[in-house]
Amino acid sequence: MKKNKYNYSKVSFFLGLVLTAIVGCERSPSDDAAFATFPNDGEVFIDGFTSGLDYFPFEGSYFQAFTVDKETKQKGSTSMRFDVPTVGDPLGAYAGAIFRTATARDLSGYDALTFWAKGTQAGLINEIGFGQDFGENKYLVSTDLQLTTNWRKYVIPIPDAEKLIAERGMFWYAEGPENGKGYSFWIDELKFEKLGTIAQPRPSILKGEDKVETQFLGSPISMANYGLTQTFNLESGVNQTVTAAPSYFSFKSSNIEVARVSDAGIVTFVGPGTSKITASLGGVKATGSLTVNVPGSFPVAPVPTLSQNNVISIFSDKYTNVPVNYYNGYWAPYQTTRGEQTTIDGQNVLNYTEFNFVGTQLTTPIDISGMTHFSVDIMMLELPTDIDLLLTFKNENSTATTFQQNRIGQSYQLDPRAPVVYKDTDFKAGVWSTIKIPIRPTSQTSLDKTGVNLIIIENIKSSKVKTIYVDNMYFYKE
Amino acid sequence: MEKILKQEKMKKINRNIILVKGLLFKSLFLALPIFVISSCATDEKQTVTNFTEIVMQDEFDTDGVPNSAIWGYDLGTGNSDTGSGWGNNELQFYTKRTENVKVENGYLLITAKKEPYNGASYTSARLTTKGIFDQAYGRFEARIRLPYGQGIWPAFWLLGANIDEVGWPQCGEIDIMEYRGQEPAKVLGTVHGPGYSGGTSITKSYSLLNDRFDTGFHIFGIEWGPDYINYYVDNVLYNQITPANVKGEWVFDHPFYIIINLAVGGNFVGAPNSETIFPQTMLVDYVRVYK
């Protein structure tokens, strides 16, 4: 299943507010002066909800995915049963929830979340862990988990237990259909334990690699997006890796005149130059680093000058844009391109990385019969010497799919149907290029201009394009 | 400062030994009834020898190469007796380079590295007292922190000093401690002899509860008398092997010498894989032999 962003249910949130308010009323002022100590109960679900535990399904998930099962259990009288829906289920696209306690618990005396689990099939649970509380999710931990059809005990290690002195997120999971089909799995004896055998920590950032990136003033990034993991060796001999929230780490910027990292892992760029960001977790140095080169502020694309009446705009801050389904379709299985619309220094821009090809799909096909050109602004910070892009407008709604193709850059293996509209030598690193592509007669291209719905840019020669920025995509008439 | 700390540690250890002795006897008596039931034929009078007189010890207090008055080396990938891979299809090339073996900060460090070396993919070290020190009976013990990972195979063991005359397994082998890096909470104690070697050896494992062997030091030892070999880890006696247990000749009445090594791969553990972290180091705090 592709990675989703999980949003909490609004209903649950309001419930949570009410509870908080009630608790708030009961608190006497003298409590403020006392040291807060939280219960250190490690049990989450043994044969029922432990004290203060509540179930909150994710928005868009199948709300009834979780039930307490009295028939199937590993031990005791009940287990937790989760029913993953089949693709197309109107009640929800996936199963996912958090289990949060009303009062925080002190989990610093434990070293792992453990449980028994089995499935009706050997599904791979996409994400499972703890530390998700629909608040800061400050100490979020997740991993994937391979089920078997027999009960097996699983261990999710705590990256650094000393941090968990007041934790509410006891457990969370998110799982989609396997090969389109729903299935069920069970979890039992869910608890935090002090195993004593969680050892040999090997924290990493950027999955242990040393990477160099260009970043801009005024556009902070989150280290949460940079492969933060903690790996322990378990008693079984398995090296278990979990994704750990930035707050488990202690980050260091080699040049605080360039980059500063907050406790929550937000990196702010404050001046031009270079800084190397490294980290440690629980006193152990993490492998991997992020070196940022900050040239200054992000260069803003030139503002188009034509009036709205003469354009059909797909992506521009200057114009009203036609609705789109996406600026990146993440087409499986060959597309590697990451990224889509982003905001840099207040400007909307399309930012693609690991670029091989990417498509923008319009919600409603547009008629470009009255248009003479297509305009697009492109910028690359590091310019490959062999850049060659293929830009296609497509009509998928005509009886046969029709299209017009255009070459931007080198004429590598030139296809006569795709004439060069912009030379590779006209690109400059870090400078926007405005590319104006004439709409050719249908007789030359086959394109049925009455229903264009797709614009695709391909890195046809697999040039080493690290990051490509795209802005101001619009059709216009001269 | 370092020295004072070391002395402190020594004192503590000595105290522990007394404690260990006390507990050992207790454990031994506890173990007795089980033993009697399982082997009625043997003499029911158990002789427990008190091995208190130290005859050999290395506390690894001098940095540099290990003391040559105690330790020699087995080098390469095997000898004429064992054949290639030391008889177990082990993958390492043993050296005596400081990269693989040295004494530092009060510990003997044996390090397995992943590196191409004389046709092998790994290097490590194997220390032996062959021809320097051997003894029949007594208490042999070492305090060790073990390495970890798939395919990592450290051992503290004894071989019969008559191996060159009678060969293996007739010479006898007492494995005081063997361990698979992929099972970090478990060690094994084993004897090999004629009719009970390799896969048919007499062995027993001991597992820690809520702890493991690669995160701290543990004492691995045997108490060996004419008719028994008692195995212990820290203060826990976990096995006793007597002539009644072996399906062949009892070959443990002559002097044995000591081997400490860190193997990589081999039949006992399987090869390392992509999950195995290198280098891996075995730390030995001391080796002591009592009679």
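I began with the meeting of two domains in chain A: 15 residues of domain 1 of chain A are in contact with 13 residues of domain 2 of chain A. A reminder to myself is that this is a predicted model.

Which elements give two or more residues to the domain 1 side? I found strand 9 (141–146) and strand 10 (152–157) of chain A. I also sorted the residues on that side of domain 1 and got seven nonpolar, five polar and three charged.

Next I noted the bounds. Chain A is divided into domain 1 (7–193), domain 2 (206–294) and domain 3 (308–476).

Then I turned to strand 22 of chain A, residues 289–294. Which residues make up its covered face? They are A:Leu290, A:Val292 and A:Val294. On the uncovered face I listed A:Ser289, A:Thr291 and A:Asn293. I was happy to recall that side chains in a regular strand alternate between the two faces of the sheet.

I looked up the partners of strand 22 as well. Strand 13 (residues 210–214) of chain A pairs with strand 22 in the parallel sense, over five bridges. Here A:Thr214 stands opposite A:Asn293, a residue of the uncovered face. Strand 20 (residues 273–281) of chain A also pairs with strand 22 over five bridges, in the antiparallel sense. For A:Lys276 I found A:Thr291 as the bridge partner in strand 22, and A:Thr291 too belongs to the uncovered face.

My last stop was the other chain. I saw that twelve residues of chain B are in contact with nine residues of chain A. The chain B side of this contact divides into three nonpolar, four polar and five charged residues.

Definitions and conventions: Residues numbered from 1 in each chain as written. Chains lettered and ligands numbered in written order. Predicted model: local features only at pLDDT ≥ 70, side-chain atom pairs only at ≥ 80, totals over all residues. Buried ≥ 20, exposed ≤ 12 C-beta atoms within 10 Å, placed from the backbone. Helix = DSSP H or I, 4+ residues; strand = E, 2+ residues; numbered from the N terminus. Pairing = 2+ DSSP bridges. Contact = placed C-beta atoms within 7 Å. Nonpolar A, V, L, I, M, F, W, Y, C, P; charged D, E, K, R; others polar. Domains from an automatic or database assignment.
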